[in-house]
Amino acid sequence: MAPSSPSPSSPPKCVLFLFAAVILDAAIVALADLPGTWELIVPNAGIASMHTAVTRYGTVVLLDRTNIGPSRKRLPKGHCRYDPRDEVLKRDCYAHSVLLDLKTNRIRPLKVLTDTWCSSGQFLPDGTLLQTGGDLDGVKKIRKFVPCEPHNFCDWEELKDVELETGRWYSTNQVLPDGSVIIVGGRAANSVEFYPPRKSGAVHLPFLSEVEDKQMDNLYPYVHLLPNGHLFIFANNRAVSYDYTSNKITREYPPLEGGPRNYPSAGSSVMLALEVEGDSDYSTAIIVVCGGAQFGAFIQKSTDTPAHGSCGRIVATSPHPVWEMEDMPFGRIMGDMVMLPTGDALIINGAQAGSQGFELGSNPCLFPVLYRPDQPLGLRFMTLNPATVPRMYHSTANLLPDGRVLVAGSNPHYFYKLAAEFPTELRIEAFSPEYLSVDKANIRPVIEESPEMVRFGQQFHVFVSVSLPVVGTMDVNWASAPFATHSFSQGQRLVKLTVSPTVPDVDGRYRIVCTAPPEGKIAPPGYYMMFAVNLGVPSVARWVQLVP
């Protein structure tokens, strides 16, 4: 029998192939046209960073847990850690924390003594990184890292004369207006306590017990310091305003629809930039909570249950607050929300299915998303250039002084596992938002002169240079350096200063008269990255210390 001839209506195979090639090329071009760029800055950091913080010396502290067995970075000879209770390595000669020098991209091992698994942290007013809790022998420990210039030596110090009142595992830290730190919640720790320790010790917070469910979706609560000095605390699907000075709930907010939003079902959360609007004097605070896992995904160990794509936005200081709902382009669990110097928020990392926990996530969400809070509802999200490296459980994202976002970590396994579908990730990358593109270089300001220290409410001058003439008024925005872990940046804050019109000065420079935040409720004392922002393009930041 002769072979049948193609139907007259069927296109030849070569045409189908050509059509498919055109579609593929169009998709590649479309991806290439998405804003933002990626770069690999460290091929092998030696550890997978579960916790990350940027210091004022141009270094980055990366921290894993200690009872994880061998990392891929050794401690210096003679500096091994001995722990007879460690089930994996009683003599541990591997680093579980490292220091990254952003100028050289070199990695130096640090030595941490007790287990920092799922711990918390915050910078103190003097720039010291306070690090609290963890698991096993670290559950009550308090550690400090006093940062130094990259060419000097600094390392972790474990405090011997003080420890936490209650063991803290999966808790959240927030610096307070007076520079002290509150430590909120944790597994089997429905209370708060303070550093430096207060006579009250640990204070029971019933709200944390009320929102605890079978999955313990009250862990790593989202804590934001409101401009009235109270704390916005979000856990599971509920939020309250908490006066820590009197241990009273001053307001209960409506529940956020869409299921649990905190560990082990975490999306992420930010407080949008604080700014003066008319006569408001920084009095308005807006909180955004995005993403999360469906209830039951964690306890059922369902790796393919789709994540939430919804975001809730609420004016926490409004007399009648309500959640305004909108949807991200993608469902996302374990994402990180990073406040950019412009006031936009970057949503990055995570997965589109499953929950937090070892081996519990799938379908990595490679596309970052830009959240533009000033746009109308329905137009706030912009999809950005996708990553090629999945960043799943235990990944982090931190704003850098040059405006890039450092992306590190991802270890969905109990130990290091480099040969897996989603391996233990030792690479460190940086994502550059569109404002760093070459075509914007001629409007990118350079801070030529600024003070290193200012006081609350102080007026001061910032001098900048720009290639093209300045049109309008530049912004000067202060960004804190938070402690990023488990999809939430503890202590993250962006404050837009009150500024005068930008005026020409000598030598082609421009002068901006700025007023520092008036009090610690607006910006707690400490070090901030100070950015000048011209037409949506930020300068490289200079560090400034805010003092009473």
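The side chains of Arg238 and Glu210 form a salt bridge, with N and O 3.5 Å apart. Arg238 belongs to strand β18 (residues 238–243) and Glu210 to helix α2 (residues 206–210), so this pair ties together parts that are 28 residues apart in sequence. Arg238 is partly exposed, at a relative accessible area of 23%. The model is predicted.

**Other salt bridges**
- The count of salt bridges comes to 17.
- Arg143 and Glu158 form a salt bridge whose closest N and O atoms are 3.6 Å apart. Arg143 lies in strand β10 (residues 142–145) and Glu158 in strand β11 (residues 156–158), 15 residues apart.
- Both Arg143 and Glu158 are buried.
- Asp505 pairs with Arg511 in a salt bridge, the closest N and O atoms being 3.1 Å apart. Asp505 is partly exposed at 25% relative accessibility, and Arg511 is partly exposed at 25%.
- A network of salt bridges links Arg81, Asp83, Arg85, Asp86 and Asp92.

**Nonpolar cores**
- The largest nonpolar core contains 74 residues, and Leu100 and Ile428 have the most contacts inside it.
- Apart from this core lies another of 41 residues, including Tyr222, Tyr282, Ile287 and Val544.
- Leaving aside residues up to four places away in sequence, Ile428 touches several residues, among them Leu40, Leu62, Leu100, Arg391 and Leu406.

**An antiparallel sheet**
- An open sheet of 4 strands runs in the order β20-β21-β22-β23, with antiparallel pairing.
- β20 (268–271) and β23 (324–327) are at the edges with a single partner strand each, so one side of each has no neighbour in the sheet.
- β20 pairs with β21 (residues 286–292) over 4 bridges, and Ser268 has Cys290 in β21 as its bridge partner.

Conventions. Residues numbered from 1 in each chain as written. Predicted model: local features only at pLDDT ≥ 70, side-chain atom pairs only at ≥ 80, totals over all residues. Heavy atoms only, no water. Core = buried A, V, L, I, M, F, W, Y, C linked by side-chain atoms within 4.5 Å. Buried < 20%, exposed > 50% of the residue type's maximum accessible area, 1.4 Å probe, protein only. Contact = heavy atoms within 4.5 Å. Pairing = 2+ DSSP bridges. Helix = DSSP H or I, 4+ residues; strand = E, 2+ residues; numbered from the N terminus. Salt bridge = Lys/Arg side-chain N within 4 Å of Asp/Glu carboxyl O.
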